Amino acid sequence: MGTRRQYFDEPIVRIGIEDARFPRMCPICGADAEHAARISASPHKIENPRYATRKKSRLMSNGTKTLMVYVCDEHYQSDEGQGNSRVACTLGSGLMVAMLLFAIMIAGGDIWSGRPVNYVFYAIVFLFSVVLIFSFFAFRPGPLASSIKVIGFDLGFRNIWLQFKRADYRERFVEENAMKVELVRWIAKL
Ligand SMILES: [Zn+2]
């Protein structure tokens, strides 16, 4: 089986998942940070096809790991807001799917009996598209998720590979986790 290597222009870090201590610095803007925020690192993110089949059940039983990071005032607010809009979009699209099915049934009845399709049908289709567009934006990875990317885990779920967007954040992280952290320029994918 061939091994693929993935190279990184800026080094990424490897650290024991239980050891990682995140600096009190906002990973998005670099300001002082005092609000604890969560990043969930789920085993689904493993891109290794070998893990995906045979080892999956074992990895899944470990569940999702949560990393506690610190973010500044401003970015803490925006992260919370995004969570709320995701809930709203999930509820909204559920409701819209039900309405759309109902509208299609009624429009079908109209067409079948030769009547013009009621304008309510078009209104519902329009609303449905609007909810879809909002959902797309609400579910994009937020600024926090894109400032600290979980690249992967090892098999035992003991080590984690993280990519930081800000070089100064990475330096702080390495400083505060000295002896436990390793800088890596590439990873092997089996
Ligand atoms: Zn910030």
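I counted a residue as buried if 20 or more other C-beta atoms lie within 10 Å of its own, as exposed if 12 or fewer do, and as partly exposed in between, with C-beta atoms placed from the backbone. The model is predicted, so I noted that local features need pLDDT of at least 70 and side-chain atom pairs count only at pLDDT 80 or more, while totals for chains, interfaces and linings use all residues. Residues are numbered from 1 along each chain as its sequence is written.

**Overall layout.** Of the 190 residues, 16% are buried.

**Helix α3.** I looked up which residues of α3 are buried and found H75, C89, M96 and A103; these pack against β3 (65-71), α4 (119-138) and α5 (143-147), where a contact is a pair of C-beta atoms, placed from the backbone, within 7 Å. After α3 comes G114, with a positive phi near 80°.

**Nonpolar core.** I defined a core as buried Ala, Val, Leu, Ile, Met, Phe, Trp, Tyr and Cys residues joined through C-beta atoms within 7 Å. The largest one has 20 residues, and V71 and L162 touch the most other members. At least two residues each come from β1 (4-16), β3, β4 (148-153), β5 (159-164) and α6 (167-176), and β5 gives the largest share, three residues. Leaving out residues up to four places away in sequence, I listed I12, V13, I148, K149, V150 and I151 as touching L162.

How values were computed. Helices (H or I, at least four residues) and strands (E, at least two) are DSSP runs, numbered from the N terminus. Two residues are in contact if their C-beta atoms, placed from the backbone, lie within 7 Å.
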